[in-house]
Amino acid sequence: MEFLCYHRDRSASLPLRYELQEEHWSYMDQYAKEMIARGPTFADDGDTLTGSVHIVDLPDAAAARAFAFDEPNYQAGAYRDVLLRRWRNTLGRTMWDFPDDGTGGSRYLVLGLGSGQAADLTVPPGRNGLIAYGPLLSDDGGTWLGTAALVQAPDPGAARAVLTPDRYADIEVHNWQFGGRPS
């Protein structure tokens, strides 16, 4: 089962995150084979960290909760909250398989928080900039709660346009970049 985990930073937690950087990477190294996508999110200035997103394939919801809440930054209080949802990998690949066509653009995490009738359950046509895409679901997979995408696009507006605007209670767009231990 695939899960999206988005840890949102607590205000002024950057020094703590830097202090725990190696612990965070070591923790994530344990999940390397299960990782579909990962990386930090940033404020509009492009420099200030605002969170950390991980999409992982884990056995069940209990394993996903352990992944999210045993994470060293979470344990130390660096995060203010955690969005943890079952997710379906409609592209069937990882971020490392993303066929970047070289046209450039920035990368974004787009979260459509659902309300009512399910929307955007399938990959939108003509979206070459999709790095990861799929519905957010309840733990049992039976209820649609929204849609999440990692997108390469020219700007936040183009990234937001990957979702049908009037079908969500809210759509968040966050600057995002590929993450992981530097090589």
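Guide: Start with a term. A polar contact is a pair of N or O atoms within 3.5 Å; within protein, one atom must be able to donate a hydrogen and the other to accept it, and residues adjacent in sequence count only if both atoms are side-chain atoms. A second term is needed for the elements: helices (H or I, at least four residues) and strands (E, at least two) are DSSP runs, numbered from the N terminus.

Some ground rules come next. This is a predicted model, in which local features need pLDDT of at least 70, side-chain atom pairs count only at pLDDT 80 or more, and totals for chains, interfaces and linings use all residues. Residues are numbered from 1 along each chain as its sequence is written, and side-chain values use heavy atoms, with hydrogens and water left out.

Now look at helix α3, residues 61–69. Asp 60 caps its N-terminal end. A side-chain oxygen of Asp 60 lies 3.2 Å from the backbone nitrogen of Ala 62.

Next, the inside of the helix. Buried means under 20% relative accessible area, exposed means over 50%, and partly exposed is in between (1.4 Å probe, protein chains only). The buried residues of α3 are Ala 61, Ala 64, Phe 67 and Ala 68. Seen down the axis of α3, they fall within an arc of 115°, so they line one face of the helix. That arc is taken from the directions from the helix axis to the C-beta atoms. An α-helix has 3.6 residues a turn, so residues three or four places apart point the same way.

What does this face pack against? Contact means heavy atoms within 4.5 Å. The buried residues of α3 pack against β1 (2–9), α2 (21–29), β3 (49–57), α4 (72–76) and β4 (79–87).

Take Phe 67 from that face. Phe 67 sits in helix α3. Its relative accessibility is 0%, so Phe 67 counts as buried. Leaving aside neighbours within four places in sequence, Phe 67 is in contact with Cys 5, Tyr 27, Met 28, Tyr 31, His 54, Val 56 and Leu 58. Tyr 27 is 40 residues away along the chain. The C-alpha atoms of Phe 67 and Tyr 27 are separated by 9.2 Å.

Follow one of those contacts, His 54. His 54 belongs to strand β3. With a relative accessible area of 2%, His 54 is buried. Apart from neighbours within four places in sequence, His 54 is in contact with Phe 3, Leu 4, Cys 5, His 24, Met 28, Met 35, Ala 37, Arg 38 and Phe 67.

His 24 counts as buried, at 8% relative accessibility. Not counting residues up to four places away in sequence, His 24 touches Arg 38, Ser 52, His 54, Glu 71, Pro 72, Asn 73 and Tyr 79. Asn 73 is 49 residues from His 24 in sequence. In space, C-alpha to C-alpha, His 24 and Asn 73 are 6.7 Å apart.
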